[in-house]
Amino acid sequence: YGPWYVLDSQGKFHFVDPTYFPERPTDDKFPLALGKILHRPVIPLGLSIEGGNFVTNGNGTAFSSTSVI
């Protein structure tokens, strides 16, 4: 339920926040809270995801289970 980290085209890092289990609202609030603490932008993703079902190599390749797609 932690945020994903991404770098923008200028090398600045941001958090990307997918929706985590709707029945766990406290967990889903964590990325936004961490972004506020660390003064980092948080970008909502518009994707519901469970932990561990989306993996990226950081070079444009991603892997996911069918439950996410």
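This is a working chat about the predicted model shown above.

User: Quick overview first. How many helices and strands are there in the protein chain?
Analyst: The protein chain has two helices and five strands. This is a predicted model, so to speak of it is to speak of computed values.

User: What pattern does the chain follow along the sequence?
Analyst: Read along the sequence, the pattern is β-β-α-α-β-β-β.

User: And the box it fills?
Analyst: The C-alpha atoms fill roughly 35 × 30 × 15 Å, taken along the principal axes. The accessible surface of the chain is about 5,000 Å². Carbon and sulfur atoms account for 60% of that surface.

User: What share of the residues is buried?
Analyst: Buried residues make up 20% of the 69 in the chain.

User: Contacts next. Of those between residues at least 6 apart in sequence, what share joins residues at least 24 apart?
Analyst: That share is 46%.

User: On to the sheet. In which order do the strands lie?
Analyst: The order is β1-β2-β3. The sheet is open, and its pairing is mixed.

User: Which strands stand at the edges, and why does that leave a side without a neighbour?
Analyst: β1 (4-7) and β3 (42-48) stand at the edges. Each has a single partner strand, so one side of each has no neighbour in the sheet. Neighbouring strands here are turned by 35° against each other on average, direction ignored.

User: What holds paired strands together in general?
Analyst: Strands of a sheet pair through backbone hydrogen bonds, either parallel or antiparallel.

User: Do this one by pair, then. β1 and β2: parallel or antiparallel?
Analyst: β1 and β2 pair in the antiparallel sense, over four bridges. Tyr 5 stands opposite Phe 15 in β2. Val 6 stands opposite His 14 in β2.

User: And β2 with β3, parallel or antiparallel?
Analyst: Those two run parallel. Four bridges join β2 (residues 13-19) to β3. Asp 17 stands opposite Pro 44 in β3.

User: How many of the seven residues in β2 are buried?
Analyst: Five of the seven are buried, and β2 is mostly covered.

User: What about Phe 13, where is it?
Analyst: Phe 13 is in strand β2. Phe 13 has a relative accessible area of 30%, so it is partly exposed.

User: Which residues make the nonpolar surface patch?
Analyst: Tyr 5, Leu 7 and Phe 13 make it. The patch comes to about 340 Å².

User: Back to the hairpin of β1 and β2. How many residues sit between the strands?
Analyst: Five residues sit between the strands of that hairpin. Gly 11 takes a positive phi there, near 85°.

User: Which residue has a positive phi although it is not a glycine?
Analyst: His 39 does, with a phi of about 55°. Most residues other than glycine have a negative phi.

User: Where is His 39, and is it buried or exposed?
Analyst: His 39 is in the loop between α2 and β3. Its relative accessibility is 68%, so His 39 counts as exposed.

User: Now α2. Which strands does it lie across?
Analyst: Helix α2 (residues 30-38) lies across β1, β2 and β3. The helix runs at about 160° to β2.

User: Pick a residue there. Leu 34: buried or exposed?
Analyst: Leu 34 is in helix α2. Its relative accessibility is 17%, so Leu 34 counts as buried; the cut-off for buried is under 20%.

User: What does Leu 34 contact, leaving aside its neighbours within four places in sequence?
Analyst: Leu 34 is in contact with Pro 3, Tyr 5 and Phe 15.

User: How far apart are Leu 34 and Asn 57 in space?
Analyst: They are 23 Å apart, C-alpha to C-alpha. In sequence they are 23 residues apart.

User: Last one, Thr 66. Where is it, and buried or exposed?
Analyst: Thr 66 is in the segment after β5 (62-64). Thr 66 is exposed, with a relative accessible area of 71%.

User: And how far is Thr 66 from Asn 53?
Analyst: Thr 66 and Asn 53 are 13 residues apart in sequence. In space they are 8.5 Å apart, C-alpha to C-alpha.

Notes:
Residues numbered from 1 in each chain as written. Predicted model: local features only at pLDDT ≥ 70, side-chain atom pairs only at ≥ 80, totals over all residues. Heavy atoms only, no water. Pairing = 2+ DSSP bridges. Axes fitted to C-alpha atoms, helices over the stretch in contact; angles between N-to-C directions. Contact = heavy atoms within 4.5 Å. Patch = residues over 30% accessible without salt bridge, like charges linked within 9 Å, V, L, I, M, F, W, Y side chains within 5 Å. Areas by Shrake-Rupley, 256 points an atom, 1.4 Å probe, with all protein chains shown as cover. Salt bridge = Lys/Arg side-chain N within 4 Å of Asp/Glu carboxyl O. Buried < 20%, exposed > 50% of the residue type's maximum accessible area, 1.4 Å probe, protein only.
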